[in-house]
Amino acid sequence: MRKIRWGWVAVAAVPTVFIGYFFAYPVARILILGLSEIGEGFSGVEARLFRVGWFTLWQAALSTLLTIVVAAPMTWAVSTYEFKGRRLAMALVTVPFVLPTVVVGTAFLSLGVSESVAAILAAHVFFNVAVVVRTVSALWSRIDPSLQEAARVLGASEWRVFREVTFPLLRPAIAAASSIVFLFTFTSFGVVLILGGFRHATLEVEIYRQAVTLFDLPLAAALAVVQLLGVSVALWAYARYQERRSVTWTLDRATRQPLPAGRRRWVVAGVVTLTIGLLMVPLATLVTRTLSPDLYLRLLQTDPVVGSPAEAMRNSLLFAAVAMAIALVVGITAATVITSKRGRLSTWFDMVLMLPLGTSAVTVGFGFIVALDWPIDLRATLWLIPIAHALVAVPFVVRSTVPTLRAIPPELREAAATLGAKPSRVWRHIDLPIVSRAAGVGAGFAFVISLGEFGATSFIARPTTPTMPTMIFRFLARPGQTSFGMAMTMAVLLAAVTTLVVMWMDRAQAGDLGRF
Amino acid sequence: MLRVESMDVYLSGSAILTGIDFELPKGEVAAILGPSGCGKSTLLRTIAGLVAPSSGDVLWDGGSVLDVPTHQRQFGLMFQGYALFPHMTVAENVGFGLKMGGHESIDAQVADALTSVGLSGFERRQIETLSGGERQRVALARTLAPRPRLVMLDEPLGALDRNLRAELLAETSRLLAGDQTTAIVVTHDRDEAVAMSDWLAVMRSGRIVQTGTVDEILEDPADNWVHDFIS
């Protein structure tokens, strides 16, 4: 008979209980509440709901399409050619993607745009260009150049080569990028709330309005069910394309041609400068409009209505630290289970732990309000904020640690066992120290996610314990140039901290890669 | 005394070892000789408890150790690729077994172990800065430091170049001979086997086809294959 290893059971219990109680159970409560509301039929709000649903769908589709169109020239340039500053260009393109949504919203408001669909679409493109450029160029730069050369020799013009050879090969990557962008824009909350108000509400914003402003929890739950359905369809499409993705014709390493002289050089330079220039306009405007020491000094004062920005900063940093710690513990134990080669259990864990990634932050926050009154009422505790943030961050910690754990040669663990280490000590002395290095990147992700998290926080943060994003939102909601100045200044600070952490992660990752 | 009794090992449905049966008295060094892929490594891994036999028994001093988990068997195993811990220093690697055993004055014992393999002063070095020969010596020191009841070396010189092999062969056999160690050395190289032990077990396709001293085997090989492989 096999002995039960209690230490292992304890390791598996941590992520199971965490995801089970803080994710699966709240989602189940939302489903029950929402489905019974749908069963009873919406009372007289069908027209608005239909409008909201339709708007969510078409703005997401249009945002996705626009993002691909805007990203296409840049993707071509960085995939095909090796040139000075290419890495910098890639880094700059990625900056908007890591910024918190409230910062993106504030940056667009700083341009002087008014609440409109156009502003939402522009912000979505701004935010997601990096997804398309990075996902598609990862594949494009690895296409075996002899395929394209063969087509040229057979008489195809450069354009025909793209249409007949390159584009068909890229289709899986384009589909994957589109699914991700669609998912992000379909569940977009902060940007839509700030740039669209309630007039241009998506499902996310409407869930927030019904639940927080109008206290109609059943209706909000019904909307969340519709939302979950949409997310599931997008995820399913994404998974299908992942499966079909064939890699037999790609190379191990990226192959880029040197930039030829003449007209082509100017086209590439123009494409790169224009794309990056456009992306930098909102950020540059935001920063220039806050270039006054007075604004930053005012952050030290307490606003009689909104509260103290300094305190919000302190709260945010504290929550981020706690969320990071929780996400690390849950993420590393989960990664241990996933890589433990326990057959179905490992595969199942791998899938379940990715779910919070696909679910919207608003659903997470809303779920906490609906469900966490049982078995004891947790809804008043401050712990919920870092827990919600950790929930969103766990998939990132898992993703950054699983490859390292898988890469540990089994002989290391076996050698430790022959030297007298029992299983728990093998984990403590071999797995844990090795994975800790990779976990640094996951920890950085968790920290950044927590700092900028707005969707879930807006449900559970009390006015007395504001975070940076919720306070920025409250400054934005109040009319007047002074409030707007405060919002912009806080947004710049938040953006600066985020960018610094991401830059550190980028270096840590590059330095550690392939060490073991 | 180590005793392996009519042991079979099946891995994912195919027979890796069949009817393995031999005895190794205390203080003796045995060499298991056979071409690559004949199941030598699996035999060591089974004795160490890393692989469970499908039938048969492994006994130490007359008692079965099959129910003793690897970490309590006190059987040392030096892995073919050395399996040095990349995140630890040389001293931490060599001291690992002592630490697990709850020993005291680990530092002094580590220093002794390193001196015995000619690497004194290497304590603080990182594994990635070591040459192939240095890694072999660290792995050997790590295996011997906790004084295991049984030492098993899996192709101890396999990954080294020719000149280094000669040098380390002498050193390794000196270390094994000096301490009255009970040891099994696995190798595909006849000269290595002969240099490290006077008792051989010749393996082929998961079976031990002949045992005895080199002279005995040479005098009366079990079949043509053994004859060709040995001479």
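Q: Into which domains is chain A divided?
A: In this predicted model, chain A has domain 1, residues 44-289, and domain 2, residues 291-516. Taken over C-alpha atoms, the centres of domain 1 and domain 2 of chain A are separated by 23 Å.

Q: How many residues of the two domains of chain A are in contact?
A: Two residues count as in contact if their C-beta atoms, placed from the backbone, lie within 7 Å. On that basis, 33 residues of domain 1 of chain A are in contact with 30 residues of domain 2 of chain A.

Q: Which elements supply the side of domain 1 of chain A that touches domain 2 of chain A?
A: At least two residues each come from α3 (86-98), α4 (101-110), α8 (190-196), α9 (203-213), α10 (217-244) and α11 (263-289) of chain A. The largest share, eight residues, belongs to α10(A). Sorted by class, this side of domain 1 of chain A holds 24 nonpolar, seven polar and two charged residues.

Q: Is helix α20 of chain A mostly covered or mostly uncovered?
A: A residue counts as buried if 20 or more other C-beta atoms lie within 10 Å of its own. In α20(A), residues 468-477, eight of the 10 residues are buried, so the helix is mostly covered. Among the buried residues are A:Met468, A:Pro469, A:Phe473 and A:Leu476.

Q: How many residues of chain A are in contact with chain B, and how many of chain B with chain A?
A: The contact involves 17 residues of chain A and 18 residues of chain B. On the side of chain A that touches chain B, two or more residues are given by each of α17 (410-418) and α18 (423-452) of chain A. The most, seven residues, come from α17(A).

Q: What classes of residue make up the side of chain A that touches chain B?
A: There are 11 nonpolar, two polar and four charged residues on this side of chain A.

Q: In what order do the strands of the sheet in chain B stand?
A: Strands of a sheet pair through backbone hydrogen bonds, either parallel or antiparallel. In chain B, four strands form an open sheet in the order β2-β1-β4-β5, and the pairing is antiparallel. Strands β2 (14-24) and β5 (63-64) of chain B are at the edges with a single partner strand each, so one side of each has no neighbour in the sheet.

Q: Over how many bridges do β4 and β5 of chain B pair?
A: Strand β4(B), residues 55-60, pairs with β5(B) over two bridges, in the antiparallel sense. B:Leu59 is opposite B:Ser64, a residue in β5(B).

Technical notes
Residues numbered from 1 in each chain as written. Chains lettered and ligands numbered in written order. Predicted model: local features only at pLDDT ≥ 70, side-chain atom pairs only at ≥ 80, totals over all residues. Pairing = 2+ DSSP bridges. Domains from an automatic or database assignment. Nonpolar A, V, L, I, M, F, W, Y, C, P; charged D, E, K, R; others polar. Buried ≥ 20, exposed ≤ 12 C-beta atoms within 10 Å, placed from the backbone.
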